[in-house]
Amino acid sequence: MSEMHLPNPTKDLVERRHALAPKTENAFRAFSKAVFTEGALDARSKQLIAVASRT
């Protein structure tokens, strides 16, 4: 299976999302920071968790 890569968000998209829902965006940023710190999970598992949280 090939590696999954998500597109990088643009600065404008990130700023717009934050302007529309600042509490939600801040919560997502905190979640992403926690998920992607070094730990027991490999990078692919962390990517899958991040994708699942967006649905």
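**Exercise 1.** Is Phe28 buried, partly exposed or exposed in this predicted model?

*Solution.* Take the relative accessibility of Phe28, which is 22%. Buried means under 20% and exposed means over 50%, with partly exposed in between. Phe28 therefore counts as partly exposed.

**Exercise 2.** Classify the ring pair formed by Phe28 and Phe31, and state where the two residues lie in the chain.

*Solution.* A pair of aromatic rings is described by the distance of the centres and the angle of the planes. The centres of Phe28 and Phe31 are 6.4 Å apart, and the cut-off for a pair is within 6.5 Å. The angle between the planes is 35°. Planes under 30 degrees apart would be stacked and those over 60 edge-to-face, so the pair is tilted. By this rule the count for the structure is one aromatic pair. Both residues belong to helix H2 (residues 22-35); because they are three residues apart there, about one helical turn separates them.

**Exercise 3.** Is Glu25 buried or exposed, and which residues does Glu25 touch?

*Solution.* Glu25 is in helix H2. Its relative accessibility is 4%, so Glu25 counts as buried. Leaving out residues up to four places away in sequence, Glu25 touches Val14, Arg17 and His18.

Conventions: Residues are numbered from 1 along each chain as its sequence is written. This is a predicted model: local features need pLDDT of at least 70, side-chain atom pairs count only at pLDDT 80 or more; totals for chains, interfaces and linings use all residues. Side-chain values use heavy atoms; hydrogens and water are left out. Rings of Phe, Tyr and Trp (its six-membered ring) pair if their centres lie within 6.5 Å; planes under 30 degrees apart count as stacked, over 60 as edge-to-face and the rest as tilted. Helices (H or I, at least four residues) and strands (E, at least two) are DSSP runs, numbered from the N terminus. Buried means under 20% relative accessible area, exposed over 50%, partly exposed in between (1.4 Å probe, protein chains only). Contact means heavy atoms within 4.5 Å.
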